[in-house]
Amino acid sequence: MGLDTMNLIDAIAEQLRRNQLPIVTWFDVDQVVRHLFRERHIDGKPLKIRRTSPSAETFSAVRRALINPQSLDTGPLAELIELRSALLEQSAESTGRLLVHDMEFPGPVWRVAGVPDGTPEELCCLVDPWCYVSHLSAMQRWGLSNRNPIELHMTRPARAIWHQQARAELHSLPAPQQGGAPLKSRTRIAFPNRLRRRNLQVFQPAYLGRCVSVADSHARVATVGQTFWDMVQEPGRCGEMAHVVTVWEERAEDYAEEIITTFEDSALPTTNLAFCRAGYLLEEVVHIEDARVAAWTRFGSRGGSARLDPAAPFVERHSERWNISINV
């Protein structure tokens, strides 16, 4: 390799390490390859590539090279020969393998050599860009609960919603140049039951929840409003309703606006019962007066058997305003 040029494989390795991602999927690698073909330079050095856009053969060669440089066959493309030369040179000093299969994932997920490993929540969020920490784990992250759950609670969209997002993602990517390999959407990879010695509890609803990135991390967490929404929508995943009532009593006033705007979000499939639970807790427990909350009384059903705690039996004590049995 000359001083003023760089082989494609060296550029891929450099870019992957710069990204500081402990794991990658083939979709991630393919996007790096496409980026380098578009830029054709890295650190001011031109890349040794002749095609204007990567072909299917290029992607195949890169994948083989990154996991086993000895298996790379030369091909008609000049960059494939250069790939082989660079990788065999690397393998003289080490294994030459930039990517090693992460055996804890059932699908094609790869550890990046030289990058420190991530936490279980980071790894899940890297494999699934629409996944986030949720429920009791999110409550703990936001300082809403002093419980430290044994299981890590994660939410990812159900399969149909996930594939809709993956197809939409393709439209946001630059189109390949003429003669280049067509774009392919990312693969939905199953999560293991246990990851890095942490048990996973994965919730897969038919909607996209609200989440935010965690500072200095590859992870995402449910927004605080989404976390309060989950508490009354899925109390069993949030330490059960008695714990939820305590959290709302102690902290809901601090986040009232975030809670209300989340419940007002029509994109979330809030059940009538969740509206009534939230309305009761905000008005009659936290004593917040808000016209938006008052309007939720329309979701109550007189003469029904709605319960504040879905895991406890119906009791006669109830809220007439919210038409709900106060069985906590």
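Predicted model: local features only at pLDDT ≥ 70, side-chain atom pairs only at ≥ 80, totals over all residues.
The residues lining the largest pocket split into 9 nonpolar, 5 polar and 5 charged. Let's start with the open space and then turn to the helices.

**The largest pocket**

- In volume, the largest pocket comes to about 340 Å³.
- Its lining counts 19 residues, and Trp26, Phe27, Asp30, Arg63 and Lys184 are the closest to the pocket centre.
- Two helices, H2 (26–39) and H3 (56–67), each give at least two residues to the lining of this pocket.
- H2 provides the largest share of that lining, with 5 residues.

**The cavity**

- Searching the whole structure turns up 1 cavity of 30 Å³ or more.
- The largest cavity has a volume of about 90 Å³.
- By class, 5 of the residues lining the largest cavity are nonpolar, 3 are polar and 2 are charged.

**Helix H8 against helix H10**

- A pair of packed helices is described by the angle between the axes and the distance between them.
- For H8 (residues 224–233) and H10 (residues 256–263), the axes come within 8 Å and cross at roughly 65°.
- H8 and H10 are therefore roughly perpendicular to each other, a class that covers angles of 65 to 115 degrees.
- The crossing of H8 past H10 is right-handed.
- On the H8 side, the contact involves Val224, Gly225, Gln226, Phe228, Trp229 and Val232, which meet Glu258, Ile259, Thr262 and Phe263 of H10.
- Sorted by class, this contact between H8 and H10 has 6 nonpolar, 3 polar and 1 charged residues.

**Helix H9 against helix H11**

- H9 (residues 241–251) packs on H11 (residues 272–285) at an angle of about 45°, and their axes are 10 Å apart.
- That angle makes H9 oblique to H11.
- H9, too, passes its partner H11 in a right-handed crossing.
- From H9, the residues in contact are Met241, Val245, Trp248 and Glu249, while H11 brings Arg277, Ala278, Leu281, Leu282 and Val285.
- The contact of H9 with H11 has 7 nonpolar and 2 charged residues, and no polar ones.

How values were computed: Residues numbered from 1 in each chain as written. Heavy atoms only, no water. Axes fitted to C-alpha atoms, helices over the stretch in contact; angles between N-to-C directions. Helix = DSSP H or I, 4+ residues; strand = E, 2+ residues; numbered from the N terminus. Parallel < 35°, antiparallel > 145°, perpendicular 65-115°, else oblique. Left-handed = near helix turned anticlockwise from the far one by under 90°. Contact = heavy atoms within 4.5 Å. Nonpolar A, V, L, I, M, F, W, Y, C, P; charged D, E, K, R; others polar. 1 Å grid on protein atoms, 1.4 Å probe; cavity = no way out; pocket = protein on both sides within 12 Å on 5 of 7 lines; lining within 4 Å. Points joined across faces, edges and corners; volume = space filled by probe spheres on them.
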